[in-house]
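I opened the file today to look up a few things and write them down in order.

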Amino acid sequence: MPDSGYPWPIQTSRLDNGLRVVVSEDRIAPAVAVNLWYDVGSRHEPAGQTGFAHLFEHLMFEGSVNVAKTEHMKLIQGSGGSLNATTNPDRTNYFETVPAEHLELALWLEADRMGGLVPALTQETLDNQRDVVKNERRQRYENVPYGDAWLRLLPLLYPPGHPYHHATIGSMADLNAADLATFQAFHRTYYAPNNAVLTVVGDATASDVFALADKYFGALPARDDIPPAPDGRNVPATGQTAVESVSADVPAPRVYIAHRSYPFGSPGYNVITVLATILGSGRGSRLYQRLADGERIAQPDLVGAYGVDLAHAPAPLIATATARPGVSAERLAEGLAEVVDELATVPVTAAELDRAKALLSTGWWRQLSTVDGRADLLGRYTTQFGDPARIAEQLPALLAVTAEQIAEAAADVLATDRVTLTYLPEETS
Amino acid sequence: MTLIADRPGPGAARPYRFPPVVRRTAAGGQVVAAHLPGQNLAVALLLLDVGAGQEPVGKEGLSGVLAKALEEGTAQRDAAAYALAVEGLGTALSTGLDWDSFQASVVIPVDRLSAAVELLAEAVRTPRLDSADVRRVRDDEATALRMDWANPGPRADAALRADLFGAQNRWGRPMHGDPESVAGLDVEDVTVFHSEWFLRPGTLIVAGDLDRIDLDALAAAAFAGTGGGPAERGGPIEVPLHSGRRIILVDRPGSVQSTLRLGHPSPHRAHPDHVPMTLAGTVLGGAFTSRLNHLLREVHGYTYGIRGDFAASRRFGRFAVSSGVQTAVTAPALVEAVGEITRTQATGVTEDELEVARSWRAGQLSVELQSPRAIASALTTLVVHDLPDDYHARLRESLLSADVDQVSAAAATHLHPEALTLVIEGDAAVIRADLEATALGDLLP
């Protein structure tokens, strides 16, 4: 068992304006990953403004005081880099991996949009990116079978008013209503250096990065009254099961079983991570062995279980299966529930535990095999737990999970408030 | 002002060094390895000289069924025991197929690599292929394809491929087959295909810390019980261009988006214009900043994204553009896309655009030096296309030295906007009249 899940150096600094800077040097390739976590996500969105954090993420690529519209992409790609950004309920991250000699360019670009977005933001840009985001919603959620499962599960798992009640992509109605002033205010409110973590991993030395960070970000003003998202940590159990059945243009019945578990980063969530691997990862998992191989009621490529790694409230644990031809949704739902419930009654064996830990271990090292994978995790641990060094504890913590802890967590999490979402192929003429 | 207005220039360029490549013959097969000192993870990949191109016409999807059937028990253990053995090491057997080759690989901490390669070889060389299991896997694969084909895209891809290459040819049919072709396979198809192709040694590709890896032992495991020579590859296939554009409408009632697939045949991988063609494709559609994405996404807001590129295998290639656009703007989006392809063919690229394209392609080669997976993939390219150890360094040089004239000439020669097939998968009742009104080409029935 390794002593550390992170055998690379980690150095940190904090600028006077509150920007936290994390550097992890590694000369394996002549490349460097630059990553910014902003502590703002869809959990901060008030009613009527769903989808705004994500639409805002798009606007961050559309120019700032010293960067023309579309120039950001052109400069990064023109230096050989790749880039992207994502928004989830918890946070928004922006990242690029570039050949190491272009580190300074990447920092300049990030600083310009952290400090100088608002003057460059126009109605035309907003209208254009609103259309792009609406197309993203159609492409990812509306035009694919089962594409809206996540949109349906969230309101079943979290009550109205809870920060995870609505999905990050937002509603078409809210997106249509988005006005420019709201986005200008959004940037002024949340895109402050003291609400961000800058992480640089790869072919760079910490002292150089700290100096460059100070040069480009150092003069940006902090904001001292950043409003927190609503507190979602305590979700009272209702004692109810929630069942939703959807008739849709789907090729086969599919069932999702979901529960609220524990927040990402807590000891309980580590147990859930191992539990989900035993339940639904790989051909040796319980779901595969029982439903795909044993009873042969589920399609082998489409059984699975996973935790969703959200940190600010009990995170979802989801198990899913899709019916083989001729198998009814009821039969599938029964089979899936049976295997899920047995986590609390049929003890996990040593072989199951070892298999899960071996898979999680390799998965961990794969995630850390690239500089961008490492940068994103360091940004996460700094943002969510205040300390990048906590990254090193993650793998040992997973490897220390016991069968007893899994039985306890299963009994606790699976006992109540079950959400079951079923898709049924709609009758066609 | 709190921001620094001046954009910084680049620092000192780092040299590009592809890891040292080791090639050797061992235990009757070829080993190609890259040394990644200090790397905790390693990749082993068994590359077989059989691709979708070797599947008989009418038997499309055979390799996919065989790939899945490999894990349904071996000479030594049943399926459940095999899954536990592999996953107990912390890995999974991953398989892949393209037109030229089949691969099976493992990614794993280096200290467990040899055990993983033994299990990999056990599945590839000595699968049970029990009749009942093969039939079940075939049925599951047919179901999986039906699931996949319920998504927008696969039907449009198939329509484009058939129109470009002819459905009477294997390469005019979907690489992974379709639900019907897979459902029609029988057990003997699978067992015969295995004995004909999967018992030849092939090439073992390894990326990892070679100081901690015994390549000869890995080769002995990977090539045990194999024989037979490499396959006859066949030369490049001449694919005629269509005279005149045509539109193929694939109905998807109620669709809120139209899926666009535009394309025509293009040269095979070993064509001398490979680099300038790649760059022309990059300027036109290969990157976020490319012409097509800029126009259709950033200017018009028609789409979440649009991409276009030249792709090539050993024997043939194709230029293709793909996107999903909002139903209501299907016709104008198509007109704009064809217009941009036409303009690029006629007037070439600018130095400004080319500078971005070549720096991006070259820079990506540096960025991709990080992970064992990416290095193994680069080694695979060397083997499949018979390229030298210093290929990636040379490629980088040729990308960086390509000039506007060469790339514009490649665009002029290899783009054929007048011969495009335009496949649109969408709500026919809503978009048919608009498509006809574009006069972009004949709407095929």
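Entry 1, strand pairing. I began with strand β7 (residues 242-248) of chain A, which is joined to strand β11 (residues 419-425) of chain A by seven bridges, and the two run parallel. I note here that the model is predicted. For one position in this pair I looked across: Glu244(A) has Leu421(A) of β11(A) opposite. I then checked strand β8 (residues 254-260) of chain A, which is joined to β11(A) by five bridges and runs antiparallel to β11(A). Here Arg254(A) sits opposite Tyr423(A) of β11(A). I keep one general point in mind: side chains in a regular strand alternate between the two faces of the sheet.

Entry 2, domains of chain A. I looked up the domain assignment, which gives domain 1 (11-217) and domain 2 (242-425). Taken over C-alpha atoms, the centres of domain 1 and domain 2 of chain A are 28 Å apart. How many residues of each domain of chain A does the contact take? I found 33 residues from domain 1 and 28 residues from domain 2. On the domain 1 side, the elements that give two or more residues include β2 (20-25), β3 (31-38) and β6 (196-202) of chain A. That side divides into 18 nonpolar, eight polar and seven charged residues.

I turned to the contact between chains, where 68 residues of chain A meet 63 residues of chain B. Among the elements of chain A that each supply at least two residues are α2 (71-78), β5 (92-99), α3 (103-115) and α4 (123-142). Which element gives the largest share of the side of chain A that touches chain B? It is α12(A), with nine residues. By class, I found 28 nonpolar, 24 polar and 16 charged residues on this side of chain A.

Entry 4, a helix in chain B. I checked the length of helix α13 (residues 372-384) of chain B: at 1.5 Å a residue its 13 residues should span 18 Å, and the end C-alpha atoms are 18 Å apart, so the two agree. Next I looked up which residues of α13(B) are buried, and they include Pro372(B), Ile375(B), Ala376(B), Leu379(B) and Leu382(B). An α-helix has 3.6 residues a turn, so residues three or four places apart point the same way. The cover over the buried residues of α13(B) includes β2 (29-35), β3 (41-48) and α14 (391-401) of chain B.

Key. Residues are numbered from 1 along each chain as its sequence is written. Chains are lettered from A and ligands numbered from 1 in the order in which they are written. This is a predicted model: local features need pLDDT of at least 70, side-chain atom pairs count only at pLDDT 80 or more; totals for chains, interfaces and linings use all residues. Two residues are in contact if their C-beta atoms, placed from the backbone, lie within 7 Å. Ala, Val, Leu, Ile, Met, Phe, Trp, Tyr, Cys and Pro count as nonpolar, Asp, Glu, Lys and Arg as charged, and the others, Gly among them, as polar. The expected span of a helix is 1.5 Å times one less than its number of residues. A residue is buried if 20 or more other C-beta atoms lie within 10 Å of its own, exposed if 12 or fewer, and partly exposed in between; C-beta atoms are placed from the backbone. Domain bounds come from an automatic or database domain assignment. Two strands pair if DSSP finds at least two bridges between them.
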